[in-house]
There are 2 protein chains.
Amino acid sequence: MNRYKAIIAYDGTNYVGYQVQTNGNSIQAELNKALKKMTKGMYIPVCASGRTDSGVHANGQVIHFDYPADISTEGAKRALNSLLPDDILVKEVEKVDEDFHARYTVKGKRYIYRVSNTQAIDPFKRLYTLHHPYRLDLDKMQTALNAIIGTHDFTSFCSTKTDKEDKVRTVTKALVYRDETSHEVCFIFEGNGFLYNMIRILVGTTLQIGNGLRPVNELERLIVVKNRNEAGPTAPPQGLFLDEVFYQELDKSKLVQ
Amino acid sequence: MNRYKAIIAYDGTNYVGYQVQTNGNSIQAELNKALKKMTKGMYIPVCASGRTDSGVHANGQVIHFDYPADISTEGAKRALNSLLPDDILVKEVEKVDEDFHARYTVKGKRYIYRVSNTQAIDPFKRLYTLHHPYRLDLDKMQTALNAIIGTHDFTSFCSTKTDKEDKVRTVTKALVYRDETSHEVCFIFEGNGFLYNMIRILVGTTLQIGNGLRPVNELERLIVVKNRNEAGPTAPPQGLFLDEVFYQELDKSKLVQ
């Protein structure tokens with residue numbers, strides 16, 4: 001068996017999400033189908049760094065799979081790209097040893113959330129941004145976000161539909177800036193891991209701070225109260241991009257699950 | 001009656017084209033539907049600068065319509081945008097006098113054609129560019145395009161499915177350049193009018209020149225031979241954008257149809 005790591009990008013618009021579901025097509029199912037064709041019928045399990053929800057995109061999702069033959073990384077990439085639909089792209093394939101695990105050896109992740117802050121929605125961005133036609137105070141939003149840097153219990157920012165008990169995560173970067181060229185307001189989050197819907201609830205709440213609907217110290221307060229119902233709405237999926245997944249040099253004492 | 005001119009943008013992906021057809025949804029049908037709601041049931045004819053094909057986009061299509069009430073341009077824009085789907089945007093509404101006609105008073109048009117010149121297709125560009133993973137000699141392509149500047153018979157670059165007899169058009173701009181940031185090769189064409197599929201056949205042929213499959217003086221030769229079968233393939237629709245429509249100061253002696 002040969003273990004391969006692949007970095008993939010996808011447009012999540014037409015999928016029920018990364019993971020196989022009974023109610024529609026998934027990225028994972030397309031990967032399974034492509035690998036099945038490459039192996040002339042074998043089912044090859046694919047493991048990703050984590051799930052993404054329906055409509056959420058990826059610039060740099062990471063997967064691994066064990067392949068029954070020793071193929072070149074370029075050959076694997078070309079074969080997969082020729083078999084996958086146009087909205088899924090294999091950007092890079094690498095041979096890794098069996099200690100590498102796309103999910104268990106994750107060190108951290110970067111997410112981007114894009115907001116079209118224009119009066120009318122650009123038809124070419126409707127699938128890739130949240131349309132938010134209201135005035136935003138970016139300084140207030142950045143000040144608010146500074147409070148989430150560090151290790152905190154993010155219960156207020158976690159969907160109640162999760163079964164994870166440990167809600168403590170470390171956020172290392174939380175930036176918001178305005179791109180004057182694209183008229184977009186972009187959020188960047190980095191951390192060791194993120195809870196279910198955490199980025200989208202953070203964005204939904206921070207936009208309310210930017211609108212003046214909530215005070216600037218609101219994220220700080222929400223970290224303390226640990227109550228999802230007090231936080232803002234979950235921002236819609238189409239603005240969210242899993243941008244990059246970071247892996248450590250196999251120091252297992254620091255594994256992040 | 002009050003005549004309104006509107007500049008609209010649309011993502012053509014999910015439409016059979018600008019014009020109403022029996023086999024699917026069209027931009028025009030959506031405009032008619034929105035105007036019908038605004039007037040509580042009246043059918044208001046909408047006239048565009050010209051058709052665009054299925055999958056072709058617009059940054060700046062122009063339409064006009066006669067509205068039974070005297071509404072403000074901001075009000076008309078807001079009402080239309082609230083009634084139109086997210087992939088059609090009214091960018092600007094202007095009151096014009098009855099001499100203005102979206103089609104008959106066109107002075108010229110600008111089209112853009114975008115090509116993703118990367119080995120693999122970016123999933124987020126699949127609906128907005130032609131994927132062309134081959135090496136292109138941009139200098140040769142630009143030299144070739146220089147030959148179409150001016151007034152020529154463009155029969156070789158016109159779909160045989162047209163019923164227009166006059167194939168003479170004036171091209172005032174034909175540029176190709178590489179955008180290093182986006183890894184795109186972009187074509188820009190301006191002229192007083194373009195025949196059916198003319199831009200797409202010009203792009204298909206010029207790409208073959210860029211690939212070395214045709215000599216650099218090929219466009220010159222094709223203008224002379226006046227035979228569609230000798231030109232290259234029609235490039236696919238999704239790379240094409242109607243970028244802007246130009247109108248003259250109502251000098252009817254120069255009308256271009």
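Modeller: The side chains of Asp53(A) and Arg200(A) form a salt bridge, 3.4 Å from N to O, the term standing for a side-chain nitrogen of Lys or Arg within 4 Å of a carboxyl oxygen of Asp or Glu. The count of salt bridges between domain 1 of chain A and domain 2 of chain A is one. The model is predicted: local features need pLDDT of at least 70 and side-chain atom pairs count only at pLDDT 80 or more, whereas totals for chains, interfaces and linings use all residues. Side-chain values use heavy atoms, with hydrogens and water left out; residues are numbered from 1 along each chain as its sequence is written, and chains are lettered from A and ligands numbered from 1 in the order in which they are written.

The domains of chain A are 2–96 for domain 1 and 111–249 for domain 2, with bounds from an automatic or database domain assignment. Their centres, taken over C-alpha atoms, lie 27 Å apart. Domain 1 brings 15 residues to the contact and domain 2 brings 14, contact meaning heavy atoms within 4.5 Å. About 1200 Å² is buried between the two domains, 52% of it on carbon and sulfur atoms; this is the accessible area (1.4 Å probe) that two parts lose on being put together, summed over both. On the domain 1 side, Asp53(A), His57(A) and Asn59(A) lose the most area, together 40% of what that side buries.

Between the domains there are also 11 residue pairs in polar contact, both residues at pLDDT 80 or more. A polar contact is a pair of N or O atoms within 3.5 Å; within protein, one must be able to donate a hydrogen and the other to accept it, and residues adjacent in sequence count only if both atoms are side-chain atoms. Strand S3 (residues 57–67) of chain A gives the largest share of the domain 1 side, six residues; strands are DSSP runs (E, at least two residues), numbered from the N terminus.

Between chain A and chain B, 22 residues of each are in contact. The buried area there is about 1700 Å², with 64% from carbon and sulfur atoms. Pro123(A), Phe124(A) and Arg126(A) supply 38% of the area that chain A buries, more than any other three residues. The interface of chains A and B has four salt bridges. Arg126(A) and Asp11(B) meet in a salt bridge at 2.8 Å, N to O.

Definitions and conventions: Helices (H or I, at least four residues) and strands (E, at least two) are DSSP runs, numbered from the N terminus.
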